[in-house]
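This briefing is meant to be read with the sequence and the model side by side.

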Amino acid sequence: MTMNNSTTLVQSLRFQFTKLADAQAFENAILNKYNEFNITESTRSDIPMTKGCNQAGECPTEADFCEIDPRCATTIKYQEPAASLKAGPIVGIVVAAFIVLIALLYYFHLKALQEQAARNQSMFARRIAETIKLEGPDRTLTPEALAEEFKKIDNGNVDGAIDKKELWDFLNSGNVAKMNEKDFNALFAALDTDGDGTVSFMEFSAYMGKAYGDFEKLKGSQSVRDMRGAGRMDNYYSGISTRILSISTEAPKEVDKMEEIAEDEENV
């Protein structure tokens, strides 16, 4: 409807068409609607229809129905364009990307394990350096001292093996940062090479050999010296070393002085 040069939609109709299987189905549907709405015989149209379908006298064809029915199979509304890429290269790219991803994950996992092993080794060496008995001016690590340390961790037991609880108590009894359970399990697995659940003296010594570099570096640190009795033990050995060095440098001077006195007596 148009008013004041403006058009307003007053009413709209929407029709929905359903395509039937065949002509007989169409006729049956019309008869059912006649009966449903009680259409009298006098007002019904002939079935099958004997007159024209519309005023123009033309009945809609299959093509006419397909123009308004999107489900019509005879008309293709959309066709997928031909692929510009073949599946082979795409699969190759996906597989290559997946392999690179797996390699990166493995690299970072391996790096994390190496960092964990180095961290555990350093903490183990530090705790040994804090408690082991070192002898001599150079505070060298002897097999006897290592065996005594092993007994100490084993709580003086005669079974000759350190279990998990004994090692846990030893590592977490110092003043350093406590070792978490994940790191401890990795450390114990590295010590327990035969996997019997305990650490023998041979396994203990073998791991200590790996950690010897960390041990040598840490045993002279101030924190380790403080842990070993405020540094009194190390100062004692340092004093002995200083006196020995002093004697070794002064002895030649004394010998030279005695030779000079002997020469003067001979000249007299």
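Which pattern does the protein chain follow when it is read along the sequence? In this predicted model, the order is β-β-α-α-α-α-β-α-α-β-α-α-α-α, and the chain has 10 helices and 4 strands.

**Overall layout**

- Of the 268 residues of the protein chain, 21% count as buried, and the chain exposes about 20100 Å², with carbon and sulfur atoms supplying 58% of that area.
- When contacts between residues at least 6 apart in sequence are considered, 56% of them join residues at least 24 apart.

**Packing of α3 against α7**

- Helix α3, which spans residues 87-131, packs with helix α7, residues 201-210, at an angle of about 105°, and their axes are 10 Å apart.
- Because angles of 65 to 115 degrees count as roughly perpendicular, α3 and α7 are described as roughly perpendicular to each other.
- On the α3 side the contact is made by Ala 117, Asn 120, Gln 121, Phe 124 and Ile 128, while α7 contributes Phe 204, Tyr 207, Met 208 and Lys 210.
- Sorted by class, this contact of α3 with α7 comprises 6 nonpolar, 2 polar and 1 charged residues.

**Packing of α3 against α5**

- Helix α3 also packs with helix α5, residues 164-171, here at an angle of about 75° and with the axes 10 Å apart, which makes α3 roughly perpendicular to α5.
- The residues that make this contact are Phe 124, Arg 127, Ile 128 and Thr 131 of α3, together with Leu 167, Phe 170 and Leu 171 of α5.
- By class, the contact of α3 with α5 has 5 nonpolar, 1 polar and 1 charged residues.

**The nonpolar core**

- The largest nonpolar core has 28 residues, and those with the most contacts inside it are Phe 124, Ile 128, Ile 132, Leu 167, Leu 171, Phe 204 and Phe 215.
- At least two residues of this core come from each of the helices α3, α4 (143-153), α5, α6 (181-191), α7 and α8 (212-218).
- Leu 167, one of the residues with the most contacts inside the core, is in contact with Phe 124, Ile 153, Ile 162, Phe 184, Phe 188 and Leu 191 once its neighbours within four places in sequence are left aside.

**The loop between α1 and α2**

- Asn 38 is found in the loop between α1 (23-36) and α2 (62-68), and its phi is near 55°, a positive value in a residue other than glycine.
- With a relative accessible area of 65%, Asn 38 is exposed.
- Asp 46 also has its place in the loop between α1 and α2, but with a relative accessible area of 44% Asp 46 is partly exposed.
- The C-alpha atoms of Asp 46 and Glu 27 are separated by 9.9 Å, although these residues are 19 residues apart along the chain.

How values were computed. Residues are numbered from 1 along each chain as its sequence is written. This is a predicted model: local features need pLDDT of at least 70, side-chain atom pairs count only at pLDDT 80 or more; totals for chains, interfaces and linings use all residues. Side-chain values use heavy atoms; hydrogens and water are left out. Axes are lines fitted to C-alpha atoms, for helices over the stretch in contact, and angles run from 0 to 180 degrees between N-to-C directions. Angles under 35 degrees count as roughly parallel, over 145 as roughly antiparallel, 65 to 115 as roughly perpendicular and the rest as oblique. Contact means heavy atoms within 4.5 Å. Ala, Val, Leu, Ile, Met, Phe, Trp, Tyr, Cys and Pro count as nonpolar, Asp, Glu, Lys and Arg as charged, and the others, Gly among them, as polar. Buried means under 20% relative accessible area, exposed over 50%, partly exposed in between (1.4 Å probe, protein chains only). Accessible areas come from the Shrake-Rupley method with a 1.4 Å probe; for residues, only the protein chains shown count as cover. A nonpolar core is a set of buried Ala, Val, Leu, Ile, Met, Phe, Trp, Tyr and Cys residues joined through side-chain atoms within 4.5 Å.
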